[in-house]
Each structure stands twice: as C-alpha cells, then as structure tokens.
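Student: I would like to learn how to read the features of a model such as the one shown here. Could you take me through them in turn?

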Amino acid sequence: MSGLVAPPAAPHDAGFVKTYLWSTDHKVIAMQYLFTGMLMALIGGFAVYVFRMQLAFPGEPVPLFGRVSAGQYNSLVTMHGSIMIFWVAMPVLLAAFGNFLIPLMLGCDDMVFPKVNRLSYQVFLLSAVVLVASFFVPDGAFGGAWTAYPPLSANAAYNLTRYGATLWVVALALEFVAFLLGGINFVTTAMNSRAPGMRMFDVPIVVWMIVIASILFMASVGPLLAGAVMLLFDQALGTGFYDPGTGGDPILWQHLFWFFGHPEVYVVLLPAMGVVAEIIPVFSRKKLFGYRTIVYTAVATGVISFFVWAHHQFVAGIDPRMASLFTITTLIISVPIAEMVFVYIATLYGGSITLSTPMLWALAFVAEFLLGGVTGIFLGAAGADIYLHDTYFVLAHFHYTFFPIAIIGVFAGITFWFPKMFGRMMDERLGKIHFWGTIVAFNVIFIPLFLTGAAGDHRRIFDYSGFPDLATPGLQYLRITATMGLVSLLAFQPVFFVNFIRSLVRGPIAEANPWRANTLEWSAPSPPPHGNFALLPEVYRGPYEYSPEDRQDDFWPQHVPDDPPAPVAGAGGWR
Amino acid sequence: MTSRPIATTRSVMEVPTGRLAMWWVLASETVVFGGLLGVYVMMRLRHGAWADEAANTSTWAGAFNTLVLLTSSLSAVLAHQAAERADGPKAARLLRYTMLGGGVFLVVKAFEWTHEIREGFTITSGLFWSFYYTAAGLHAAHVLAGIIVMFIVSLTAARNEELQRVENIGIYWHFVDVVWIFLFPLLYIAK
Amino acid sequence: MTQRAHAGAPPHAETNYVAIWGVLCGLLAVSVLGPMAGVRILTLITAFGIAIVKAYIVCSYFMHLNIEKRWVAYILGFMLALMLVFFGGVAPDVLEHEGLRWQRTYVAPVTSGSER
C-alpha cells in the first residue's frame, strides 16, 4: 500500500476529564455539541408546550408551569425561536455532524486545528449558559421576539426584560463567535486536508453542504455582529443607533438582522439536504443523480440568498421599489432548491429501495420540505405578503421548512450514523414508531395553523379574546387541534430517547459498514478510535458508486483500490 | 508539545494550512468591519451636520496613528522576510517592534479619547460619537488581540520554531492596518 | 521546524519594503494636506481615493496578495462585493430623509457635546 500513513499515536490513559471534557478529538467535540443541542431542544420544546397550551386554553393554568402571564408568553415565544435556531439546529446540523463527519469522510485523523475546535465548543457552551441564565434574572428571559426589533429590544421600558435582553444579545454574539471559529476549521480542513486521490468532486455531498453553509455563515454574520454590538450599546449605555430621536434608524436593525437572517436559513438547510443526499443513495442502491448539479445549485443558492433578505420587511416601510426587486429574487431562489428536490427524486427512481428508519426520515424530509417551499412562494410575492405578513401562515410556512431541517434531518442523520458514532445498532421497530408518531403529529400541528393564519390570526398574540374576528369557536378549535398535535408530538419523543439509550447500552454490536455504504467513514471501525484510521486511506473514485456496472457487489467503497488490469488474452496467467 | 494531526500537514490547495485559515479569518473580519463602516457611511451621508461633530476629532492624532500603524506593518513584513531566511531571533525582534507600534497606537488613542471625553464628547453625546467610539473601539480591540497573539508567536519564533506563524500573524496585522487606513478618513478627515 | 518556514511560498524577488513604506507615508501626507485646501471634491479624492490606493498597496506588497493564489483574492473580493450589496439594499431606506408617502417630522438636536 503505497504512501498510506498512520496517524500519530494517541496519548494513553488520558483520564476522564481529558477524554470527555477537555478533549481535542473532533468526535468527542461533535458529541458535546450534539448533547448540548439536544438538551437545549428540551428547553425549547418545553417553552412551546407552555405557550401553545396558553393559546388553546387561554387563562387556564398550564400543567407543569402554572398560569402564563402576557410577559411570560413573550419570553417563551422569544426563547423558543432563539433556542431552536441558534442552540439546536446550528449546533447539531453544522457543528455536531460537521465535526464528526468531515475528518472521517475526508480520510483525516482530525480537524486541522483541534485546539481551536475545542475552544469553539467552549465558547458555544458559554453562550448556552448565558442564555439559560437569562431565565433566572429579574423579569426573566428576553421578551422581544427572536428578531429583536428595536425600539422594543433596545428599550427596557418597552420589553420589560432589561437583564434578559442584554444577556440574550451577549449569548447571541458568543454563539456567532463560536461558529466563526468552528467554520474556519471546517472550511480549511475540507479545502486542504483531503485524502490523497480525493478530488473536489469526490467529496461527499454532506461535506460540500456543510462547507458551503460555513462560508455562507461567515459572509453574512459580520454586519449583524456589528449590529448586535450597537444594540448592546443602545440597551446598556444609552446610545441611539436605532433611536430616531438621536438620528438613528430602527429599520437599520431589521436590515442588519435579515441580511444575516436569510442566508442563515440556508446555513441550516444545506447541511440537512446534505444528510438526505447521503442517505438516499445508500438505501436506493443507486448512484446520486447529478452530483455536480447539486454542488453548483447549492453554491448558486448560497449566492442568491444574499439578494433576498428584505422579503422579511415588505410591510416595514421599506422603499417599495426595493420590495419589487426582492420579490423577483425571492421567487427565483425557489428554483434551485426545487431542482435539488427533483434530483433526489430522480435518484430514487428505479432504485432498489429499503425503507429503513433513516430512509423514512430522508423521504419525509423531501415531502414535508416541499410543502414548506411552495407556501413560501405566496409569502415571497410582496402583494400577497401584505396580507399574510405576521400571520400564522408565515409561521406554518417556516415550520414546514425548519422542522424538516432541524428535526427530520437531524433524526435522519442520527439514525443513519448512530452505528458509526456509538458502535451499536438502533432498534428499527422503535425507530419506526417514533418516526410515524412524529410525522403525523407534525402535520396535525401545522396544517391547522395555515388555516388560522389565512383567516387572519396574528403572530405573537397571547390571547385572542381581544380580537372579535378571531375569537371564534371555529378558529379556537383549530388552535386546540394544533396544540393537541404538539402534545402528541412531544409524547412520542421519549420513544426516541428510550431507543437511543437502550441501543447505546445493549444494542447489537455494529460492524464497520452495516449499511454497505461507500464513503470513507464506513471504512473506519465503529466507533472510530483516536486517530480514526489504522492507516489513513487513499481515494480512487467518487462517493456514490452504487450498483456499478459489471461488478458483483452493489457498492464500491471509495478507498478500495481499482482492480488490476485484466490479463491479455493468450498470455500466461498472471497469478 | 502535543503531536499535530496529519490533517494539519496536508496542503491540497497548495497554500499552507495556517495561511489558508488566516485568509478565512480576514474574510470574516472584512464583513464585520465592512458592515459597521458601511452603516456609518450611510448614516454619515444622511446627517450632513456630523461634519461639525467630526471637526472636534484631532486630525494630527489620527494621522500620527496612521503613520505608526504603517510603520508597524513595515516591521511585520520585514519579520516575515527574516522568517523566510530562517532567522527566527531576528523575526522575533521585528515582531516586538511591531507590537511596540501597536502599543504606541493604543496609548495615543487613550490620550485622544481622554481629551475628547473631558471636552464632553462621550459615546452618548450624539450618534456620530457613538459610531466614533464603537468603530475605533472595535478596531482597537483587534489591535490589542493582535499584539497578544504576536507576543506568543514571537516567543516560539525566537527559538526558530513555527516560523510560518510569523507570516500569518503579519497578514492579520496588515489587515488591522488596512481597516485603520479607511477609518482615518472616515472619522477624521471628512469634515 | 525551520524547513516549514515558508512551505508553499512561491519564490519572489526581494521586494524593497522600505521603499513601499516610503510611498505609503508620502500618500498619507497628501491625504492630510489635500483636505486643507478646502475644495470638497479634492478632499474626497485625496482622503478616500488615496485610502483605496494605500489599502491596495498594503494588500499587494505586504500581504503578498500579488503572488498568492488567485482564488484567495477572489474570496476576499467576494466579501467586499457582498458589502456593496448590503449597502445597496439598505441605503434606500437608511439614507433618505424623505419618503414617497411620508414626511420627516424629526428635528435634529442642536449639536454640541457639552450640552448633554
């Protein structure tokens, strides 16, 4: 085996702290991000349970919480949104999967800067601690919505959560720094540390997606970081960056926020689509249809995503000429994403499909995201948005996109890579029960919310009894249905946790490549040791050679050398 | 010293990993400062009266600081030259001159701000001053961070180790210099 | 580890960094003297035009972008271009004092620092 290198020897007997809490090993850091994200999801999930119970049964004490005041309602919706996006979706999709997969899939022994990697998690953990601390300060967590528009967010007399507001901004800024640090590691590793023989178009799609997402994040967060410092100064020092009284402009914050906020949704979407792109070929035993198309489309989507942001501000009083421009760009961006969905469907077509749990999640992603995407078309048109803005229609749209991203995509990835991460197989039956319970309940939550939104339900309303047009039995029935859907959804999640923990402790031992897949991580042991590979692999082909022609096996891993040339007819046998 | 992963030594793009990472750091810093300065420019164009406020900044302090940073960039690039010639101790010495330049910059800034605050121009005196202190303050924080990292690099460079880091911290330092090259006219000259 | 000192650095002729520094100082002097003439367009050209030239010189010769791989400059250029997009998209809202259907009633406060 020419040129194969062994990674440097691991320090032996490192002790518990160095192995699990102070490690620089990318796999451990990935697990730290994963478990922190899942813990934050419990908090974000509890928040939504409380406020949806308030909406279904206004004024009634909520079990496990008590009566919800208007101020608490505001804090709950703000925290739900902030936590789910920044402390669940991003750490799990980008940081956990990115950290775990990138070195393994590229045939490396670790990231290029392991200590910076460890630092990025520590900064992230600090940001999570700061955010959770905000629940316990006087007046509670920030209540100005996850979009934090000033003057509500800048002026404590308006948001009534002086300390929570400042802690929220600080937590957010720390989270941004953590992901900038992590992102630099990901991009540099993917560019410079690929296994010998791995050309750019031999890199698995999920790695491409995480790298493109990291670059998108890096390019869009800058103005918001500056803007967050300005908001912090407005809150704490009394400057007037967003205060018209001093010559500032509240719309400025909206632009700063959404210039980041729109690329941000693609920052989380692309990794989820990447996870799905890894699963579908494996369980269709078919080559990914249009690898280069997906890569070019993802890059194009990333670029276009910088030109659509003001569709969040159509009714904020922006220049209407800008509104027309942003309508056009927003409608255009739906095209590349739709194209990626078509490519996935084309991959499935004619394949030999196995409906394993990961595959079910991957298929559900495609179906549910499709619904989310098409409802976005209505919102992207400025005219229709005048009615729909700030209604539950918007909320249902972005949950039909975010839920596939942050929940479905995550479960797809966890069930798919669990054998590699933990060396055990998950239980298929529990997996399927969890899947169906989650998916059905998800639709029961949000289809009624499309209807209430179209009927005029405003967002962020604590109690509709003050709105005669909306305080009707028909709409209240829909709200209750949505809440019951949520309760069912939450009731099915313990199935996942039981499956996870039981499999971890006494699931069947997993071999290196239980799914018979091609990418490099499956050539390492399950779980991989420190250093990942006994001998760092070399790459001979792309990642999706499933059912290759003229071969016995229906897969052809990337690291397996090419066959020696066939003997010439008539010559003596070469063996 | 912990062993370095094999991954760090690979160089598929034919740019050394440390330098490649530093370019990405600059890319992300470009949008941070670009965003802040872009916002400042918009606000400045909207409020013509800010020219009167800006008249209270000291052009000479700003110009002197520009000179100091340019000179420190010179010593930084000469440090890189020394590192390329494998002369670690000389590179470390030149890095220390660069740190000194950064220190002088910060001291001048401290005097400048003290004077302005005494005159009554604080961060809440008006939106121009809010931007003035925020932008220059963010820049000064990056100068300070650069000095600290440069100090650490100079320690290993003096032992002829990790000399590639001299170039990388130099690139960061030049970036900090470039940001100031734009801050100077924006905050001091346009009056 | 001296052999890693400039791994990957393309061979380049010895640049006279001190001479470049001299040019930068000269440009600095012009950019300070120019606004003293009091002519607005001259101020803009000398202050900002020269800033762009100085930045270009520092990037090319000190950061060695002139001999670095081309795509590095493209990445940085892309980030700058994004800032232009940001400016272009936000300026119509933040820059304007008057709107199509609204009037500005805000009155600028009297500008004097010591009054606060």
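Tutor: What follows is a conversation about chain folds, contacts, helix packing, backbone exceptions and the nonpolar core.

Student: Which conventions should I keep in mind?

Tutor: This is a predicted model, in which local features need pLDDT of at least 70 and side-chain atom pairs count only at pLDDT 80 or more, while totals for chains, interfaces and linings use all residues. Residues are numbered from 1 along each chain as its sequence is written, and chains are lettered from A and ligands numbered from 1 in the order in which they are written.

Student: What does the secondary structure of chain B come to?

Tutor: Helices (H or I, at least four residues) and strands (E, at least two) are DSSP runs, numbered from the N terminus. In chain B there are seven helices and zero strands, so that its elements read α-α-α-α-α-α-α from the N terminus on. The C-alpha trace of chain B spans about 55 × 30 × 25 Å along its principal axes.

Student: How much of chain B counts as buried?

Tutor: A residue is buried if 20 or more other C-beta atoms, placed from the backbone, lie within 10 Å of its own, exposed if 12 or fewer, and partly exposed in between. Of the 191 residues of chain B, 59% are buried in this sense.

Student: How are contacts in chain B, and those with chain C, to be read?

Tutor: Two residues are in contact if their C-beta atoms, placed from the backbone, lie within 7 Å. Taking the contacts in chain B between residues at least 6 apart in sequence, 80% join residues at least 24 apart. Across the interface, 53 residues of chain B are in contact with 47 residues of chain C, and α2 (17–46), α3 (50–54), α4 (59–84) and α7 (164–189) of chain B each supply at least two residues of that side. For residue classes, Ala, Val, Leu, Ile, Met, Phe, Trp, Tyr, Cys and Pro count as nonpolar, Asp, Glu, Lys and Arg as charged, and the others, Gly among them, as polar. On this basis the side of chain B that touches chain C has 28 nonpolar, 16 polar and nine charged residues.

Student: What about chain C and chain A?

Tutor: There, 12 residues of chain C are in contact with 16 residues of chain A, and the chain C side divides into 10 nonpolar, one polar and one charged.

Student: How do α7(A) and α2(B) pack?

Tutor: Two packed helices are described by the angle between their axes and the distance between the axes. The axes are lines fitted to C-alpha atoms, for helices over the stretch in contact, and the angles run from 0 to 180 degrees between N-to-C directions. Helix α7 of chain A (residues 205–236) packs on α2(B) at an angle of about 40 degrees, with the axes 7 Å apart. Angles under 35 degrees count as roughly parallel, over 145 as roughly antiparallel, 65 to 115 as roughly perpendicular and the rest as oblique, and α7(A) and α2(B) are therefore oblique to each other. The contact of α7(A) with α2(B) has 11 nonpolar, four polar and no charged residues. Among the residues that meet there are Met218(A) and Gly222(A) in α7(A), and Trp24(B) and Val31(B) in α2(B).

Student: Is Thr17(B) buried or exposed?

Tutor: Thr17(B), found in helix α2 of chain B, counts as buried because it has 26 C-beta neighbours inside 10 Å. Not counting residues up to four places away in sequence, Thr17(B) touches Val112(A), Thr188(A), Asn192(A), Thr8(B) and Ser11(B).

Student: Which backbone values deserve a second look?

Tutor: Most residues other than glycine have a negative phi, and most peptide bonds are trans. A cis peptide bond joins Pro150(A) and Pro151(A), with omega about -5 degrees, and Pro151(A) is in the loop between α4 (114–133) and α5 (156–159) of chain A. The peptide bond from Ser526(A) to Pro527(A) is cis too, with omega near -5 degrees. Asn532(A), in the segment after α15 of chain A, has a positive phi of about 70 degrees although it is not a glycine, and Asn532(A) is buried, with 27 other C-beta atoms within 10 Å. His64(C) has a positive phi of about 60 degrees.

Student: Which residues touch the most other members of the largest nonpolar core?

Tutor: A nonpolar core is a set of buried Ala, Val, Leu, Ile, Met, Phe, Trp, Tyr and Cys residues joined through C-beta atoms within 7 Å. Of the 271 residues in the largest one, Val207(A) and Val276(A) touch the most other members, and α7(A) gives the most to this core, with 23 residues.
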